[in-house]
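Open the model in a viewer and follow the stops below in order. Each one says what to select and what is there.

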Amino acid sequence: SLLKELEPTLQVIQTPLDGRMVSPWLLTTRWHEQVAGMDIKQLCSLVALPKNDDGDIPGLKDVVEAYYEEAIPLLDRTGELVLQRLNSPDPIKSGISNTPFHKHLYKSTMKKYILPVVALLAMLIRQEYTGRPFSGSNNKLMDLLAVLHIDGSEGRDALPLIHEVLFEVWTTAWTPQEDREIVDPTERCLALLTLRQDGSFKEPHDVTGIIAKFEYCMRLTFLQEIHHRTQADPQSDELEHCLALENFFVEKTWYTFSRLRSLQHRASSLAYDTMSLPDVWWTDTKTWKSMLYRGDEIHFADLCKVFKETEAKLVQIWEEGILMGHDIRVEYDKIADDLINKDVGYSFLSDARNPQLTRRDQLVKKFLQDEATFAHFAMIREGSIVWNRSTLQAWLKSYAELQSLLLFRAQMLSGAPCRGTELTAMTYRNTQTRPTRNLAVLGKHISLLCQYLKTSTLTGKDKLIPHALDGITSDILVQDLALARPFAEVAARACFLDKPEVVDLYQNHVFVNYNRLFDSKDLSTILTKYSLPSLHFGLTIRSWRHIQTAWKRKLGCAVEDIIEMDTEDNVEA
């Protein structure tokens, strides 16, 4: 009972009276004033994403995803000038963008981009359903909820209702009130999405991504409205309808898009200019061989042990799991590579000047000619080869483990770490759609050419960054592509008869994970798997980038590598 009496005294003050105790971000948004004295857990629950089996709002995420899936194909049927205007948030200041509004590079990205919109609709429905509507309440919300309860995620009738609700919310002029209440539902949703369970708010650099997702989805909603109006009024073309809606997706207006852009500018400025505390703290300031990374101690000797152990594991899997104990190797002194050759299918493996690499049937013949190995993988029945799919699948899984080790060493021993999305999607030969391969021979060095896909998508231009591999990784990668990859293609054809796209992966990509490509999550998992036993700390893509940058600064490396690796500012700089 005494503790209950003291609870009000022990509670953290939500709204400090002294402005010096408030972060610059909250001083400009004043969001902390909106939640002062309120139940934080209840506020956070308003924007919680509904689960698939949510009895209150069933199937909301699925129908929002279906709504935007209908919008994406419209990008291919829309005139370039309309898309350019949609992608011009401040045409008065910056003019009309030359880059049209476009779809994401990866289809899976859209699944993440819709989440803030799902949270927004869930918040609106929960506010309406509990009998406490606020400004922005819409009479279509109950209709939407009724459809979801009747049809669930299969309800196509929900799509026009979603469009009507979103369009009304995003085309209403939200003017500020004297009491500073957040009247715009989208901004209120944004504030609650950045509110943590302990009552604090996320830092500006964690807010910019949420705003970007909102902006992208808003543009798709306006694109849908443009096409709806063009169909209803064919006398006016889509550009005229676009111009009629332009105030809703540009800056310096009273509409939601303008408010989000204003917050985005401020958050970006604070994120860029604010000096952060260091992730790394040196415990050895003489030889720089030990550090604390976010409190975990890491020694350089243990890191070297990781490299030694993965090298031994790589050789073991290659000799025992892939070559099946056979003594076979492609001997080469130098490798010729025409770096400017753009022919489809070209790589140094197909160059006539490298005859030792162009014989793609060497391991296949070895397996077929050896009775024990042939019996392991196949049998002859009625004069035809019948493959044993179970043993082929086991071999492909061993091959995927080899690929994961090559990927691990490419990430950790090839200079500045590559971004996971680029490293996992590399091709070793030119393709019809990507004439610049990612694996090349630069002098005596087997090198990966990383393409910075983030800037490629934004600017439409490729940025190639070469990364030389170490000797062991280079040699086994060459042996792999010359000897094992052809057999992997044979195994993939036999195991995935109805999935020709899997065979295409083996024919074109440097790293293949059984029946798909690796992704960034796989790469972080691989880094953790092989680093944890020796470091007693599981590395990820992000942590390795910071750790490697810190060591290269102290132990010496090219200035260009440091600039490429680290653009962050902190108090240790």
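A disulfide is a pair of cysteine sulfur atoms within 2.5 Å. The structure holds zero of them. This is a predicted model, in which local features need pLDDT of at least 70 and side-chain atom pairs count only at pLDDT 80 or more, while totals for chains, interfaces and linings use all residues. Residues are numbered from 1 along each chain as its sequence is written, and side-chain values use heavy atoms, with hydrogens and water left out.

C242 counts as buried (under 20% relative accessible area, with exposed over 50% and partly exposed in between; 1.4 Å probe, protein chains only) because its relative accessibility is 0%. C304 counts as partly exposed, because its value is 35%.

Now select W395, L396, L402, L423, L439, L539 and I547. They have the most contacts inside the largest nonpolar core, which has 81 residues. Such a core is a set of buried Ala, Val, Leu, Ile, Met, Phe, Trp, Tyr and Cys residues joined through side-chain atoms within 4.5 Å. Colour helix α23, residues 471–495: with 13 residues, this helix gives the most to the core. Helices here are DSSP runs of H or I with at least four residues, numbered from the N terminus.

Zoom in on I547. Leaving aside residues up to four places away in sequence, I547 touches M291, Y293, I298, F537 and L539, where contact means heavy atoms within 4.5 Å.

How values were computed. Helix = DSSP H or I, 4+ residues; strand = E, 2+ residues; numbered from the N terminus.
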